Amino acid sequence: MIATIKILWNSLRMAILELRVNKLRTFLSLLGITIGIFCIIAVLTATNSLEKNVRSEVESLGSDVIYIQKWPWDGGPDFPWWKFVNRPLPKFQELGPIREKVHSAGLSAFAFSSNGKRVEYKDDYMEGTELFAVSGDYEKIQAMKFVSGRFFAGKENENGVNVGILGANIWEGLFGTPEKALGKTITIAGRPCRVIGTLKKKGASLVDGINYDNCVVVPYLYGRTIVDERRFADPFLIIKAAPGATLLQLKDELRGVMRSVHRLRPKEEDDFSLNEITAVSGDLNKMFGMVNLGGGFIAFFALVVGGFGIANIMFVTVKERTNIIGLKKAIGARKKVILMEFLLESIILCLMGGLLGLFFVYIITIIVNSFHFFEFTLTLSNVILGLSISSIVGVIAGFIPAYLASKLDPVVAIRSN
């Protein structure tokens, strides 16, 4: 055991010494494997981070929630839009029958959004903001993260009061800090609104939805005095399942009540859509399956190129040190010692290249995260995977050159130039 450790240690020292002596060759070898490991880990990190962020945003919409809307979510290149364009928009009055007759419904709310609004405070203003009007228990269904202040109060959430909650971009642009915004009166499209809350910065969304950073959240009845949702918005009803109720049960009850409210005959198709997150999740599985497959192919070929570069350098190294190998074998060095020496040199090269590749990926994560587009994370599993792949490539790329070196005849090797 001790003898084996000594052999490994001496082989390691020889490998490191050779790498230090041949700096240019080491650099060229590192370049290939660094690019290979950078490609595979960068692709994996990008796809994993993208999938994590998209799934997180999709799940934040609610896994036990049904959205009643005019348009379905299962769009595509063959989407039959003409079947849905003449559908009626959801109405605030439809909340009443749902609350009375849908026993599997726990919480419910009505909401609509309208873009392109001007928000003013004294001499400052912001163009292109979003007005988001909500009613009922919206905040209990879709939790909002507050920096300061509160949500609307009262049984119907101060539905007719001119109060509002500012997104991060708006309170930053008009007031600088969230505390300064509280209690101030702004105007939205010329209508006064008292600020009662400010939201935390969320960042850009990868999923279509409400851009909370760039919106003013107001009670529904007050919002309707600014925008008529029947003409200039895309309203929706949001229903959360009651404790113990399944999404399928909620969906069935909602379909029955909505068909009754819309007075549809038994043979008539639904003129509304019951959208749920599970439908989106299925599409995400297909999408990220294809993304990971494509990323895997790119990374594989980049790694193959790096591996061939290492193997080529190792063949050159064996050729240059043939006479030294002959001398070592002549004084008693065993085949496994020669084999181990070259294998370790190849593995060390690949590990160094892998570490450099991981370092560059880490730099990329810092740069991407500085833009706050979405969270780009280099996980421990990807670091371990990168180093493992580096070691495996080192063994594969260095084995044949190392094996040929160990099989050299000492006399022929010593006499070679």
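Mentor: In this predicted model, two strands pair if DSSP finds at least two bridges between them.

Trainee: What makes strand β2 and β6 a pair?

Mentor: Strand β2, residues 105-121, and β6 are joined in the antiparallel sense over 2 bridges, and because the definition asks for at least two, they count as paired. On the β6 side, Ile 188 is the bridge partner of Val 119.

Trainee: How do you know that β6 and strand β7 pair, and in which sense?

Mentor: There are 4 bridges between β6 and β7 (residues 191-199), in the antiparallel sense, and the requirement is at least two bridges, so the term applies. Ile 188 stands opposite Arg 191 in β7. The two strands form a hairpin with 2 residues between them, and Ala 189 in the turn has a positive phi of about 50 degrees.

Trainee: Where does Ile 186 stand in the largest nonpolar core?

Mentor: That core has 41 residues, and Ile 186 is among those with the most contacts inside it, together with Ile 68, Ile 98, Leu 166 and Leu 254. Helix α9, residues 247-261, gives the most to this core, with 5 residues.

Trainee: What is Ile 186 in contact with, leaving aside its neighbours within four places in sequence?

Mentor: Its contacts include Val 119, Tyr 121, Leu 166, Phe 175, Arg 191 and Val 195.

Key:
Residues are numbered from 1 along each chain as its sequence is written. This is a predicted model: local features need pLDDT of at least 70, side-chain atom pairs count only at pLDDT 80 or more; totals for chains, interfaces and linings use all residues. Side-chain values use heavy atoms; hydrogens and water are left out. A nonpolar core is a set of buried Ala, Val, Leu, Ile, Met, Phe, Trp, Tyr and Cys residues joined through side-chain atoms within 4.5 Å. Buried means under 20% relative accessible area, exposed over 50%, partly exposed in between (1.4 Å probe, protein chains only). Contact means heavy atoms within 4.5 Å.
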